[in-house]
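Subject: Structure handover

Hello,

Here is the structure I promised to pass on. My notes on it follow below.

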Amino acid sequence: MGKYAIGLDYGTNSVRALVVDINTGEELGSYVFNYEHGEAGIILDPKNPNVARQHPADYIKGLEVSIEGALIEAEKNNKEFKREDVIGIGIDTTGSTPLPVDREGIPLAFYDEFKDNINALAWLWKDHSSYEEAEEITRLANEGGYPYLRKYGGVYSSEWFFSKILHCLRVDPKVFDSAYTWVEICDFIPGVLTGKQKPEEIKRSVCAAGHKAMYNPEWGGLPSKEFLGKLHPKLADLRDRLYDKAYTSDIPFGTISPYYAEKFRLRGDVVVAVGAFDAHMGGVGAGIKPGILVKVIGTSTCDMMVVPNTEKILDIPGLCGIVDGSILPGYYGLEAGQSAVGDIFNWFVKYLTPREYFGEEARNKDLHQLLTERAQRLKTGESGLLALDWNNGNRTVLVDAKLTGLLIGQTLHTRPEEIYRALIEATAFGARVIMERFEEYGVKVNEVIACGGIPEKNPFIMQIYADVLGKTIKISYSSQTPALGAAIFGTVAAGYERSGYRNVEEAQKAICRVKDVVYNPRKEDREIYNRLYNLYKELHDIFGTKEASYNLYHVMKDLIEIRDKVKGVK
């Protein structure tokens, strides 16, 4: 029996490696490598705020530095740990983050000809430059009677695979023509680690394919050449250089290459699992099962649920896909989420909060901490403010990258901490819209488990979420749930004889836990938030849909009424 597995978690700003004891779930060592290119790892275009790219060199260096760093820390922390007892490696990444590569699977960005070309880089998930192409794909699929968007609620996103590639074709045909194909980085990294980088050798992730590339075995895999050809003839030609089959992450991608086995001093039979997206593996690491909503909360959020694939499930409008096996093998994976959460708080702190406002308090404290402390002193509803959380568009349920943020109710007395709290509440209201959409279509939420940086660091935000959602919220025991989920898949992919687990659920039972802290809804706050949420929903519908046409005259007046009642104004 093996003893250890490694999880690799490629996030928006860094990559983390985690060494896990597969029998107990103990995390023996970890290491974080911050991407070196761009601003916090993101390469931006000052002319176009929708652009967000990454350099693939950061992915490869991150793999090498983080795995070695985590192994060294494991050796320091546990004298019984031996590298030869590692049996599997799992990998998760952001997505959709497609990368243009040549016939050998080498990124175009590694060629001198393209070294300064931003379009030859990886197109990060949060790149929204292809919103027009996403609208075109949506229009063609719906008006042409194609089935491809049924599992996406009828709307394709600018964050996804084909819209980005089509946009590249239109703005930089040289990059498109020079690329043999495009590869999601969750498929690229396992290829690098196993030495199977050639496109025909790569086992593509059903998580990436199903949620972002309109893949479904019902219609033969990816969309047809006929459909793609109506978007552009060259996109139809590319279809032949993509893939026909996609795999769940309990399947071995291959074994570690001799080069990396020697470099890390691991056995040559270490199994590398098929990759997947970070939030989906985070769901697994948090212990997802039917009835549990897992919220991965960080710069953005992803909301995960699973339903046994033996049950009939309705198509749910606005979801980021319903995909068999994308989270747990044997279950439909349901993905939703918000395009910005932590990013909204960071935006407010970075651009709109003067440090001078806090005086001496600001000397030794982070502005987030100061704002949180002051926002915590406010009563629910006291600020008279209400915001929409669309500063980076709306991912679910409206699926519209051209929606923007909104703050209503401010006066000449409005203070930064009041706005900060209103932004937190807005993200909680957005989360409730998603939860109610699940339940509206028969997917019952019995329990919420949160994971990610914000649940770990900020109890104040988690209490607001519990009050707004009206659900008990538990926190995943691991602070690194995507990496833990990746390690679980690396374990299961290594096989029963080596791991002792027949499937992912068995491994979860042994490895996944929640913390003792639990956030329960508070009755009085819940009642006020119900009133504020009703106002939020009116703003949500009037600004976010074409159908709503009611009058908003009462909104400001209601906010003042709530504010004055909470403050005891006579």
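H11 and H13 run roughly antiparallel to each other, because their axes cross at roughly 165° and any angle over 145 degrees counts as such. The two axes come within 10 Å. The crossing of this pair is right-handed. On the H11 side, the contact uses Ile 344, Phe 345, Trp 347, Phe 348 and Val 349. H13 answers with Pro 416, Ile 419, Tyr 420, Leu 423, Ile 424 and Thr 427. By class, that is ten nonpolar residues, one polar and no charged.

Please keep in mind that this is a predicted model.

Two other helix pairs

H15 (residues 459-469) and H19 come within 8 Å, axis to axis. Their crossing angle is roughly 70°, and the two helices are therefore roughly perpendicular to each other. H15 passes H19 in a right-handed crossing. From H15, the contact takes Ile 464, Asp 467, Val 468 and Leu 469. From H19, it takes Asp 525, Arg 526 and Tyr 529. The class count here is four nonpolar, no polar and three charged.

H16 packs on H18 (residues 504-511) at about 130°, with the axes 10 Å apart. That angle makes H16 oblique to H18. The crossing is again a right-handed one. Leu 484, Ile 488, Phe 489 and Val 492 of H16 meet Val 504, Ala 507, Gln 508 and Ile 511 of H18. Seven of these contact residues are nonpolar, one is polar and none is charged.

The largest pocket has a volume of about 1200 Å³. It is lined by 40 residues. Closest to its centre are Ile 297, Gly 298, Thr 299, Gly 452 and Gly 453. Several elements each supply at least two lining residues. The strands are S2 (14-21), S15 (292-297) and S16 (301-308). The helices are H10 (278-285), H11 (342-352), H12 (367-376), H14 (453-457) and H16 (481-493). By class, the lining has eleven nonpolar, 21 polar and eight charged residues.

The second largest pocket holds about 970 Å³ of space. Of its 30 lining residues, Leu 44, Pro 49, Lys 126, Asp 343 and Asn 392 are the closest to the centre. Strand S4 (43-45), strand S5 (48-54) and H11 each give two or more residues to this lining. Which element gives the largest share of the lining of the second largest pocket? H11 does, with six residues.

Cavities

There are four cavities of 30 Å³ or more. The largest cavity has about 60 Å³ of space. Its lining includes Gln 338, Ser 339, Asp 389, Trp 390, Gly 393, Asn 394, Arg 395 and Thr 396. Gly 430, Val 433, Tyr 536 and His 540 also line it. H13 (416-440) and H19 (523-544) each give two or more residues to this lining. The lining divides into three nonpolar, seven polar and two charged residues.

Backbone points to check by eye

- The peptide bond from Gly 95 to Ser 96 is cis, with omega near 5°. Ser 96 sits in the loop between strand S6 (86-93) and strand S7 (98-101).
- The peptide bond from Thr 396 to Val 397 is cis too, with omega near 15°. Val 397 lies in the loop between strand S19 (386-388) and strand S20 (406-408). Thr 396 is also one of the residues lining the largest cavity.
- Ala 40 has a phi near 55°, a positive value in a residue other than glycine. Ala 40 is in the loop between strand S3 (27-34) and S4.

Best wishes

Note on methods: Residues are numbered from 1 along each chain as its sequence is written. This is a predicted model: local features need pLDDT of at least 70, side-chain atom pairs count only at pLDDT 80 or more; totals for chains, interfaces and linings use all residues. Side-chain values use heavy atoms; hydrogens and water are left out. On a 1 Å grid over the protein atoms alone, a cavity is a set of points where a 1.4 Å probe fits but cannot get out, and a pocket is an open set with protein on both sides within 12 Å along at least five of seven lines; lining residues have an atom within 4 Å of a point. Grid points are joined across faces, edges and corners, and a volume is the space filled by probe spheres set on the points. Helices (H or I, at least four residues) and strands (E, at least two) are DSSP runs, numbered from the N terminus. Ala, Val, Leu, Ile, Met, Phe, Trp, Tyr, Cys and Pro count as nonpolar, Asp, Glu, Lys and Arg as charged, and the others, Gly among them, as polar. Axes are lines fitted to C-alpha atoms, for helices over the stretch in contact, and angles run from 0 to 180 degrees between N-to-C directions. Angles under 35 degrees count as roughly parallel, over 145 as roughly antiparallel, 65 to 115 as roughly perpendicular and the rest as oblique. A crossing is left-handed if the near helix is turned anticlockwise from the far one by less than a right angle, and right-handed if clockwise. Contact means heavy atoms within 4.5 Å.
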